[in-house]
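User: Could we go through this protein together? I would like to start with the overall picture and then turn to the charged side chains.
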Amino acid sequence: MASVEFRNVRKEYIDDKKGSFTAVSGSDLLIKDQEFVVFVGPSGCGKTTSLRMIAGLERQTSGDIYIGDRLVNQLHPKDRDIAMVFQDYALYPHMTIYENLSFGLQNLKRPKDEIDRKVREASSILGLEEMLDRKPRELSGGQRQRVAVGRAIVRDPKVFLFDEPLSNLDAKLRVQMRVELAGLHKRLGATIVYVTHDQVEAMTLGERIVVMNKGVVQQIASPEELYNKPQNMFVAGFIGSPAMNFMDARIRSGMVYVEGAQFALPEQWAGKLAAYEDKEIVMGLRPEHIYGEDFTMNVSPTHQMTAVIQVIENLGSENLLYYKVGSRMVTAKVHPETLAFVGQLKTFVLDLKKVNFFDRETEQRIV
């Protein structure tokens, strides 16, 4: 296996009619050997373009890309020692599963006994032993995806690249395949670069996550750090389901003032917001850190606000209560047995030990 490194990598597309468009803007990142790194972000953020530049399917406009200690800027995709798994499986419909798995090795003129051994090993890892004589049309979506992964495994590449491989599967199969991919990474000790628009996939699979928006890397961190210490409001709002709540706030004499409520600053923030005294900032708090007034954990009873419930979403295991603070809609994730109804004036308890504050102008987290 090998590391992958971007050094000031930029990708720009030029259209004679529309002008230039920057898909990736000056990225610097290091993916360590045997690390599972996920690129995540909304459509058009540059994550797939970044993956395709690693594969050599797109040529960067400037900057350098290294796989291991080898500069691969000018190398053809077949010479980069990578294997890519695509969203649409890309299996040969007229070939059996065995033939699909062995095809790449046959093109590389590998010995027949080596091909057979690697196909059997990959089949065993992925539970495909009983399907080798079938055609792709006889397999389910999840089984076809395992074949696509197996075709990458048999090549024993330095780096595995996954381009939204689970997006065509239903919700139950996606969960199953996430578990299988996580287990596969542990068994193979592989370097995996994975692209998805699904932040749940990113949080459950990635050892580190690269969050992108509009071609710019917003933050590179572990799932825990992204969740607890988002670098800016974009990351805070993108990571987590439902998204983090934002409330307009003002700091004054150790108190936090939001519309219709005021709270004492928690101890860990005391003195850290001196530069923002009497200035408007943004307070961020996740829905799971806003509770009904009957909540009994160690949360200060002074951290309360009262608002009218506007919408209720019953998800079975939890309820989402929506209410307004100023012009912003706020979501509370509460126990399904919490008594609540639309139009109710309800008291909510805020766990300000979990709060984040953001600069209103730059949208960066105040640290």
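Analyst: The following turns treat the fold and then the salt bridges of this predicted model.

User: How many helices and strands are there?
Analyst: The protein chain has 8 helices and 20 strands. Its C-alpha trace spans about 75 × 45 × 40 Å along the principal axes.

User: And what share of the residues is buried?
Analyst: Of the 367 residues, 49% are buried.

User: Changing topic: how many salt bridges does a search find?
Analyst: A search of the whole structure finds 20 salt bridges. In general, side chains of opposite charge can pair when their charged atoms come close.

User: Which residue does Lys118 pair with?
Analyst: Lys118 forms a salt bridge with Glu114, with 3.5 Å between the closest N and O atoms. Both residues belong to helix H3 and are 4 residues apart, about one turn of the helix.

User: Is Lys118 buried or exposed?
Analyst: Lys118 counts as buried because its relative accessibility is 15%, under the 20% cut-off. Glu114 is also buried, at 18%.

User: What about Arg120?
Analyst: Arg120 forms a salt bridge with Asp116, the closest N and O atoms being 3.3 Å apart. This pair also lies in helix H3. Arg120 is partly exposed at 45%, and Asp116 is partly exposed at 28%.

User: Where do Lys333 and Glu318 lie?
Analyst: Lys333 forms a salt bridge with Glu318, at 4.0 Å between the closest N and O atoms. Lys333 is in strand S18, while Glu318 is in the loop between strands S16 and S17, 15 residues apart.

User: Which residues are linked in a network?
Analyst: Salt bridges link Asp248, Arg250, Arg252, Asp278, Glu280, Arg328 and Arg360 in a network.

Methods. Residues are numbered from 1 along each chain as its sequence is written. This is a predicted model: local features need pLDDT of at least 70, side-chain atom pairs count only at pLDDT 80 or more; totals for chains, interfaces and linings use all residues. Side-chain values use heavy atoms; hydrogens and water are left out. Helices (H or I, at least four residues) and strands (E, at least two) are DSSP runs, numbered from the N terminus. Buried means under 20% relative accessible area, exposed over 50%, partly exposed in between (1.4 Å probe, protein chains only). A salt bridge is a side-chain nitrogen of Lys or Arg within 4 Å of a carboxyl oxygen of Asp or Glu.
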